[in-house]
Amino acid sequence: MGMPRNTGGGGGLLVGVDMLSERATMMREAVQKSQSITDNMVSILGSFDHRLSALETAMRPTQIRTHAIRKAHENIDRTLKAADVILSQFDLSRQAEAKILKGPHEDLESYLEAIEQLRNNIRFFNNNKSFKSSDGVLNNANNLLAKAISKLEEEFKQLLSSYSKPVEPERLFECLPNSMRPSSGSPGEQDSNSKHHNNGTDNTVYTPPTLIPPRILPLLHDLAQQMVQAGHQQQLAKIYRDRRSPVLEESLRKLGVEKLSKDDVQKMQWEVLEFKIGNWIHFMRIAVKLLFAAERKVCDQMFEGFQQLKDQCFADVTTGSVAVLLSFGDAIAKSKRSPEKLFVLLDMYEIMRELHSEIESLFRGKSCNEIRESAFGLSKRLAQTAQETFRDFEEAVEKDATKTAVSDGTVHPLTSYVINYVKFLFDYQSTLKQLFQEFENGDSNSQLAAVTMRIMQALQTNLDGKSKQYKDSALTNLFLMNNIHYMVRSVRRSEAKDLLGDDWVQRHRRVVQQHANQYKRIAWAKILQCLSIQGLTSSGGSNSMGVDGQNSSGVSRALVKERLKTFNFQFEELHQRQSQWTVPDTELRESLRLAVAEVLLPAYRSFIKRFGSMVENGKNPQKYVRYSAEDLERMLGEFFEGKTLNEPKR
């Protein structure tokens, strides 16, 4: 059983080996066949490569000729294209030349386009210097461009000249706010409500006139731009100055601006000079806010994009006009000082301060430095002269040696002049405070108060000296009472009260009362002695009327008669003299009469009641008892009326 399994197993193994052997043989044969095919293919390919190489060698001359032909065609194409570009530039140049030869007047826009095309041509040929005729073309184009710019300059001149006309005064007045317009055609006679003290604090809107029509300005701008690009900036500035400057000066001349020297100013009568100063203030406002503002607008629009040129042209055009205006201000600032000039100096300083911001804005830039500094320098000189005039006034008040006596003891002209002067000064409070700040730091209110107090003290010192001219001490005190009362009342009714303070007012009211009391004591002491019982009695009196005329109390009839005669004489003399004296203030006059009556009338009534019977029973009683108390009261009402009244304005 076991053997057949072994035999069977060995046979199977042999069979498997044989099968593997067969397969291996087949594979070997296949590989050999494949190798043979590969060798044959390599042989074929090698032969093909050899033939291709031979073919390529044979074709190379043909390829070279083909490449050369292709390159030649490309060069021809490029040359033709370059020729087309050059020819087109020539064509455009001819078109531009034709337009330029026609000139800019008929069609400025096309003319400017032609100039731009010409510039493009010049740039093109500058970049293509290899072109054989480029130098000749460039010379021709540059010459043509120079002619074109020359024609533009002429067009700019003509156009600017055509539309540069002086502005008539009436047109300028229409540009002013209603409150600033002249009332009767004269520029210095504007509405009195707005004449002074604006200080630039109001928000009044000024509308500068249109100097050149809006439709023309863009054309002028385009022309100017072309000239700048051509390097003709200075020629442009000169043309603008030569055309616009005389027009601006003529506008001011028509308005009334005059060129006056310091000598001219010195020779003028004050009334004439004051009128011209009023005009000058108005002219300055019109010039800066209207004419210069309008000219700056023209410059800014015409030379837009060229800041330095804007400033240069504006400075060139306005220099002459500004110089004429400022020279008058300088002449006033340098002229001989006098008190009445202080207010016009303040008016002039005020307008320069009002215009300060406009001047700074309009005359900006390096080119306008000199003009700007001249204007600000005038402000400083006016301020300095005003301050010096202030000091002169203080000194003049204290040292005033006017011999004009006020025989009636009323308010002296110097007092009313100084007080009115101070009241006017308070109309300029804000201006004065600015003026003080020009030279000193500190509280401007305190500075103004100190100046005012010094003026008041100078006046009092002068009045004390003038009061000594009176031989009658009663009139001396009446004079001082009147004048100091005038000062106090004026201060109380003005803005000076807030500055000087209640303490000043109360202190000087007491001074007024002291002089009133002194007047009563000096003027009425003697007459009141006549009504005194003292000295009427004699020794050895009896209880009944004796032969010698004594009453029961020992009073002598003769002494009573003498007293009454003396009283009548003194009262009549006082009435005659003091009814010519003046107390111009109604309340003060009534108060003084009442104060005298309160002392005199009770004393007179008492004397008559007590001793009147001693003379009434004798001869001619009316010779001694000439007046009743009512008569005296009526006559007291006639005291201090004076021949002329000089009451201050309320």
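User: What is the relative accessible area of Arg 492, and is Arg 492 exposed, partly exposed or buried?
Analyst: This is a predicted model, where local features need pLDDT of at least 70, side-chain atom pairs count only at pLDDT 80 or more, and totals for chains, interfaces and linings use all residues. Residues are numbered from 1 along each chain as its sequence is written, and side-chain values use heavy atoms, with hydrogens and water left out. Buried means under 20% relative accessible area, exposed over 50%, and partly exposed in between (1.4 Å probe, protein chains only). Arg 492 is partly exposed, at 44%.

User: Which helix holds Arg 492?
Analyst: Helices here are DSSP runs (H or I, at least four residues), numbered from the N terminus. Arg 492 falls in residues 473–492, helix α16.

User: How many salt bridges does a search of the whole structure find?
Analyst: A salt bridge is a side-chain nitrogen of Lys or Arg within 4 Å of a carboxyl oxygen of Asp or Glu. One network of salt bridges links Arg 285, Lys 289, Glu 354 and Glu 358. The total for the whole structure is 31.

User: How many residues apart in sequence are the parts that Arg 337 and Glu 388 tie together?
Analyst: These two form a salt bridge, with the closest N and O atoms 3.1 Å apart. Arg 337 sits in the loop between α9 (307–334) and α10 (341–354), and Glu 388 in helix α12 (residues 369–399), so the pair ties together parts with a sequence separation of 51 residues.

User: Which helices does the salt bridge of Lys 380 and Glu 438 tie together?
Analyst: Their side chains meet at 3.0 Å, N to O. Lys 380 is partly exposed at 40% relative accessibility, whereas Glu 438 is buried at 18%. The pair is 58 residues apart in sequence and ties together α12 and α14 (residues 429–439).

User: Where do Arg 489 and Asp 585 lie?
Analyst: Arg 489 and Asp 585 form a salt bridge, the closest N and O atoms being 2.4 Å apart. Both residues are buried. The parts they tie together are 96 residues apart in sequence: Arg 489 is in helix α16, and Asp 585 is in the loop between α19 (557–578) and α20 (586–611).

User: What is the C-alpha to C-alpha distance between Phe 571 and Leu 636?
Analyst: Phe 571 is in helix α19 and is buried, with a relative accessible area of 0%. Phe 571 and Leu 636 are 65 residues apart in sequence, while their C-alpha distance in space is 9.8 Å.

User: What is the phi of Phe 640?
Analyst: Phe 640 lies in the segment after α22 (629–636). Phe 640 is buried, at 1% relative accessible area. Although this residue is not a glycine, its phi is positive, at about 65°.

Key:
Helices (H or I, at least four residues) and strands (E, at least two) are DSSP runs, numbered from the N terminus.
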